[in-house]
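Subject: Two-chain model, handover and findings

Hello,

The structure you asked for is below. My notes on it follow.

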Amino acid sequence: MATVSKTAERAAGSSVNAELGRRVVFYVLLTLFSLFFLLPLVWMIVTAIKPFAEWVQPNWIPKDPTFQNFSDIFQDPSLPVRRWFVNSLGIAAAFTIATLIIDAMAAYAYARMEFRGRNLLFGLLLATLVMPGIMFLVPNFILIAQLNWIGTYQGVIAPGLAGVFGVFFLRQFFQGIPRELEEAALIDGANIWTTFTRVVLPLASGALATLGVITFMTSWNDFLWPLLILGNEREMLTLPVGLATLQGQYNFDYGKLMAGATVTTIPVLILYLFLQRYIVQSVAMTGLKG
Amino acid sequence: MATTPQVKVGANATPGAGTRHGPFSLLPYLFVLPHLIFFAAFLGYPFFYGIYISLFNFDFLRPEQRPFVGAENYLALFQRGSIPFTDFWRAMINTGEFVLYSVPPLVIVALLLAVLLNGNYPGRNLFRGLFFAPYALSVTVAALLWWWIFQPQGGMINHLINSVGLGERQWLSEMPWAWVAITVATIWWTIGFNTVIFLAALQEISASLYEAASIDGANPIQQFFYITIPMLRPVLIFVLTITLLASANLFGQPYIMTKGGPVQQTESVMMRIYQEGILENRMGSAAAMSVLVAFILLILTTLNFKVFGSGDNQQ
């Protein structure tokens with residue numbers, strides 16, 4: 001008995017040490033990873049507010065901070081940065097609103113209505129999830145060219161509306177709403193459309209907001225497709241595509257380039273800071289669905 | 001799958017709900033129609049149209065000269081000495097290399113990060129938000145930022161290397177360092193996405209499993225391999241698949257950081273298809289490349305599910 005309790009005591013003592021050690025390793029790892037994610041962003045802003053003479057120096061605190069780089073890129077007549085900003089905003093907003101409307105309608109039908117061909121259609125939607133996106137690039141480009149939509153905003157926006165993520169996301173949510181609420185509305189004489197817009201959509205406002213934010217950010221950040229469609233129309237570029245052309249123009253003027261990167265980042269960063277929880281949740285759901 | 005919380009409140013309670021307008025109702029079709037139009041036009045139709053184009057010598061600028069060539073575009077990709085052969089397979093090998101470099105850390109480190117975040121401690125959501133933050137940026141911003149950090153002259157990495165007395169590198173214009181730079185930038189930019197998915201799945205695992213295991217004397221490492229990994233299996237396969245597909249679609253990072261160089265050694269298959277189809281107007285050949293790559297990816301993802309998903313029905 002005595003030996004047993006002694007071993008137990010020793011075990012308990014060493015486990016306290018082990019626990020302490022684990023804590024230390026844990027916080028060290030957490031700090032290191034945090035620095036890895038944070039410091040490049042800090043460096044981007046630090047470089048952007050350094051004067052030209054200072055960017056080669058590795059100091060993290062600018063000796064002579066300035067907004068010169070920002071005003072330079074905004075005032076350069078060959079760089080329609082303001083216009084790009086408005087373009088990005090307009091494209092992302094239009095894309096988000098259209099996505100929310102058509103996806104919510106489709107999701108509601110797939111979630112709640114019985115109709116001939118529903119499972120077939122939904123199966124087709126599902127099937128595109130495993131289709132590598134690379135297949136659609138060339139034919140969609142030709143399609144947009146045949147519609148004479150190269151160099152237009154609808155050419156950038158329309159193909160993305162085919163996406164199925166929003167339909168799955170909202171369908172999942174609609175299925176979780178208790179049916180009784182809709183049935184009560186129908187009994188009270190509301191038609192399906194009124195029930196959908198007055199009962200279901202308000203209940204889903206959180207899910208719609210989440211989808212809206214993530215859709216907006218995806219559209220704002222998109223690079224390859226707007227490059228293909230708008231690449232030859234300098235005035236019509238989005239910020240990320242315009243920023244890539246900035247690289248050709250300013251070559252190694254890192255301060256101006258990082259100022260451009262900061263301008264491109266600020267809207268999504270603000271959105272992200274305020275709505276982080278929703279964004280992270282919607283991504284988390286992607287995995288749980290699988 | 002096992003982790004899916006199936007909340008189907010009354011899904012089957014009222015069979016035929018929605019058919020109350022009679023045996024055939026147009027209404028459901030009107031609801032799905034707006035999405036379906038776009039789906040049919042930009043996902044359904046291009047699927048077949050891409051295969052169709054690949055059978056032609058398709059030059060968009062000269063619609064009168066579009067001879068049907070059958071499998072010629074495909075055969076050319078397998079004929080040593082044909083025009084697209086060298087560039088295509090160089091890009092294929094490059095992309096395969098990048099997949100090998102990027103996918104293991106993007107899955108394994110993401111899992112480690114998720115385990116780190118899964119504890120119960122103050123500031124957890126703050127760390128989660130921070131790890132995910134770079135994913136909210138455009139690829140242009142992420143790539144441009146790391147292009148600057150890896151610059152041989154004035155870049156932060158070479159400053160750091162100098163300060164510890166190691167030799168500088170021409171990160172963006174020497175092999176294999178260009179791949180290192182692109183891989184680090186990609187990990188920084190996208191690993192938060194996988195981490196968040198893993199974290200959500202970890203939180204679904206019942207704590208009682210771990211309690212039972214620790215009563216049985218299993219240490220944390222044993223618990224990780226005998227509880228966490230098996231419970232995460234469906235999500236692991238999912239993450240592995242989407243990461244593989246994302247890495248195979250590599251475009252923006254080399255486009256901005258290396259322009260595909262040095263001497264096309266970081267030119268990805270997506271860049272090649274862009275070059276061939278859009279910039280050089282050989283769309284038939286580019287479509288054939290796309291179909292071939294998609295076919296290979298489809299095989300890889302299927303294998304992925306077969307190999308790692310074999311024990312899926314054990315629960």
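The buried residues of α9(A) pack against α3 (81–112), α7 (165–175) and α8 (179–187) of chain A, and also against α1 of chain B. Helices here are DSSP runs of H or I with at least four residues, strands are runs of E with at least two, and both are numbered from the N terminus. Buried means 20 or more other C-beta atoms within 10 Å of the residue's own; exposed means 12 or fewer; partly exposed is in between; C-beta atoms are placed from the backbone.

This is a predicted model: local features need pLDDT of at least 70, side-chain atom pairs count only at pLDDT 80 or more, and totals for chains, interfaces and linings use all residues. Residues are numbered from 1 along each chain as its sequence is written, while chains are lettered from A and ligands numbered from 1 in the order in which they are written.

Back to α9(A). It covers residues 192–203 of chain A, twelve residues in total. From first C-alpha to last it reaches 15 Å, close to the 16 Å expected at 1.5 Å a residue. The expected span is 1.5 Å times one less than the number of residues. Ile192(A), Thr195(A), Phe196(A) and Val200(A) are its buried residues. Seen down the helix axis, they fall within an arc of 95°, so they line one face of α9(A). The arc is that of the directions from the helix axis to the C-beta atoms. Arg198(A) and Pro202(A) are exposed, on the face turned away from the buried side.

The contact between the chains

Chain B puts 85 residues into the contact with chain A, and chain A puts in 80. Two residues are in contact if their C-beta atoms, placed from the backbone, lie within 7 Å. Helix α1 (residues 27–53) of chain B gives the most to the chain B side, with 17 residues. By class, that side has 63 nonpolar, 19 polar and three charged residues. Nonpolar covers Ala, Val, Leu, Ile, Met, Phe, Trp, Tyr, Cys and Pro; charged covers Asp, Glu, Lys and Arg; the others, Gly among them, are polar.

Chain A

Chain A has 13 helices and zero strands. Its radius of gyration is 26 Å, well over the 19 Å that the globule rule gives for 290 residues, so chain A is more spread out than a compact globule. The radius is taken over C-alpha atoms, and the rule is 2.2 Å times the number of residues to the power 0.38. The C-alpha trace spans about 80 × 70 × 40 Å along its principal axes. Buried residues make up 40% of the chain. Of the contacts between residues at least 6 apart in sequence, 72% join residues at least 24 apart.

Chain A is divided into domain 1 (2–48) and domain 2 (70–289); the bounds come from an automatic or database domain assignment. Their C-alpha centres lie 40 Å apart. The contact between them takes four residues from domain 1 and six from domain 2. The domain 1 side has three nonpolar, one polar and no charged residues.

Chain B

Chain B has twelve helices and zero strands. A compact globule of 315 residues would have a radius of gyration near 20 Å; chain B has 25 Å. Its C-alpha atoms fill a box of roughly 80 × 70 × 35 Å along the principal axes. Of its residues, 39% count as buried.

Look at helix α5 (residues 139–149) of chain B. Eleven of its eleven residues are buried, so α5(B) is largely enclosed by the rest of the structure. Among them are Trp146(B), Trp147(B) and Trp148(B).

Backbone points to check in chain B

- Met175(B) and Pro176(B) are joined by a cis peptide bond, omega about 0°. Pro176(B) sits in the loop between α6 (156–163) and α7 (177–204).
- Gly261(B) to Pro262(B) is also cis, with omega near 0°. Pro262(B) is in the loop between α10 (252–257) and α11 (269–279).
- Val263(B), in the loop between α10 and α11, has a positive phi of about 40° although it is not a glycine. With 10 C-beta neighbours inside 10 Å, Val263(B) counts as exposed.
- Gln264(B), in the loop between α10 and α11, has a positive phi of about 65° and is not a glycine. Gln264(B) is partly exposed, with 17 other C-beta atoms within 10 Å.

Best wishes
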